[in-house]
Amino acid sequence: MLSLYSGAPCLAIGAVQEKWVFPDHAAFLSQVIAWNFGSVEFKYEVRIDPDGILRGSLGTHLGRIAHEQNIRVSVHAPYDDGMNLGAVDLALLQETRKRVRYSIEFAERVNAKSLTIHGGFLELGEMHGSEEERGRPPYEIARQRAGEKAVAELKARIFEEVGRVVEYGARRGIRVALENLHGFSSTRVRFPVTPQDFAECRKALGKFPIVYDTGHAHSTGLEPTEFISKVGPENIIGTHIHDNDGTGDSHMPVGRGNIRFDLLLRDYIRRGWDFPLNIEVRSVEDFEESKRYFQEFSKAQLVTKTGTLDWRRR
């Protein structure tokens, strides 16, 4: 829990591994410890683990360190190289299944509580926009262009494959959580994106946990608390925290874009939410800028509550 000031609200802050900045899992965990964060989400990709050592002794070592430091661990399943649980191409789907299984094996080794997965997508390619599409959200345009039949078939493939992953994870003691994908593109149909999409997932799959991505949710036009309320805060077991200006999935540091993090954190404290707030940005500097935002918010809440600021460091 992160708090710099005596009496200030504590926030459950963590970090999601940026694979290009922190390709070394041990170095990233050391940085998380240095930042005094309480949770970490490792990303698993075959290119990072060509010899499988993360699924063996190194994974066990990382899990032991995290446990000793009281750091909660989750793992993100692969999505490099076009991995797609909604793929039509059988060879791609089989490769996706294999890599997701590898990530679950890593999650087991590292003592992770959960595995974050993406649903899937359908590539449409570039198309010329029409007048009737003007002003509509890109994800709606993509779905309309694909057509009801293609979208329904995509959803059916995703439901089937996610069900397989959930079953395999359960055998390994790993909870599998679906992340909300972004809807900033009109040339790729992604699912799930909206709270309604998650309602469809629940109907097909039953109750399951969710990883709430703030930047992705911003593509729906919903404020953070509205999105969280619609999917149910009790269903959220993890988050990806990053900012954008509402036009793309830019992974800005918190406070740089126009997502209302002030309202999100206010409601997080008032409503007693306790899911981890895992920062997912693209540089050390952006992680530290995001951390400062949370610290300043915590300080401001203390001033509002007491009228003074207790500068005694914890």
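Q: Helix 5 lies across which strands, and at about what angle does helix 5 run to strand 6?
A: In this predicted model, helix 5 spans residues 148-171. The strands that helix 5 lies across are strand 4 (114-117) and strand 6. Relative to strand 6, the helix runs at about 150 degrees.

Q: In what order do the strands of the open sheet of 8 strands stand?
A: The pairing in this open sheet is parallel. Its edge strands, each pairing on one side only, are strand 9 (236-240) and strand 10 (277-279). From one strand to the next, the twist averages 30 degrees. The order of the strands is 9-8-6-4-3-2-1-10.

Q: Which residue in strand 8 does Leu178 stand opposite?
A: Strand 6 (residues 175-179) pairs with strand 8 (residues 210-213) in the parallel sense, over 2 bridges. Within strand 8, the residue opposite Leu178 is Ile210.

Q: Helix 1 lies across which strands, and at about what angle does helix 1 run to strand 2?
A: Helix 1, residues 25-34, lies across strand 1 (13-16) and strand 2 (39-43). Its direction relative to strand 2 is at about 160 degrees.

Q: Are helix 6 and helix 8 roughly parallel or roughly antiparallel to each other?
A: The axes of helix 6 and helix 8 (residues 224-231) come within 9 Å and cross at roughly 15 degrees. Angles under 35 degrees count as roughly parallel. The two helices, helix 6 and helix 8, are therefore roughly parallel.

Q: How many nonpolar, polar and charged residues does the contact of helix 6 with helix 8 have?
A: On the helix 6 side, Pro195, Phe198 and Arg202 take part, meeting Phe227, Lys230 and Val231 of helix 8. By class, this contact has 4 nonpolar, no polar and 2 charged residues.

Q: Against which elements do the buried residues of helix 4 pack?
A: Helix 4 covers residues 138-146, and its buried residues are Tyr139, Ile141, Ala142, Arg143 and Arg145. After helix 4 comes Gly147, with a positive phi near 95 degrees. The buried residues of the helix pack against helix 5 (148-171), strand 7 (188-191) and helix 6 (195-205).

Q: Does Arg99 count as buried or exposed?
A: Arg99 is located in helix 3 (residues 90-109). Leaving aside neighbours within four places in sequence, Arg99 is in contact with Tyr44, Val46, Pro78, Asp80, Asp81 and Met83. Buried means under 20% relative accessible area. Because its relative accessibility is 11%, Arg99 counts as buried.

Terms used. Residues numbered from 1 in each chain as written. Predicted model: local features only at pLDDT ≥ 70, side-chain atom pairs only at ≥ 80, totals over all residues. Heavy atoms only, no water. Buried < 20%, exposed > 50% of the residue type's maximum accessible area, 1.4 Å probe, protein only. Helix = DSSP H or I, 4+ residues; strand = E, 2+ residues; numbered from the N terminus. Contact = heavy atoms within 4.5 Å. Axes fitted to C-alpha atoms, helices over the stretch in contact; angles between N-to-C directions. Parallel < 35°, antiparallel > 145°, perpendicular 65-115°, else oblique. Nonpolar A, V, L, I, M, F, W, Y, C, P; charged D, E, K, R; others polar. Pairing = 2+ DSSP bridges.
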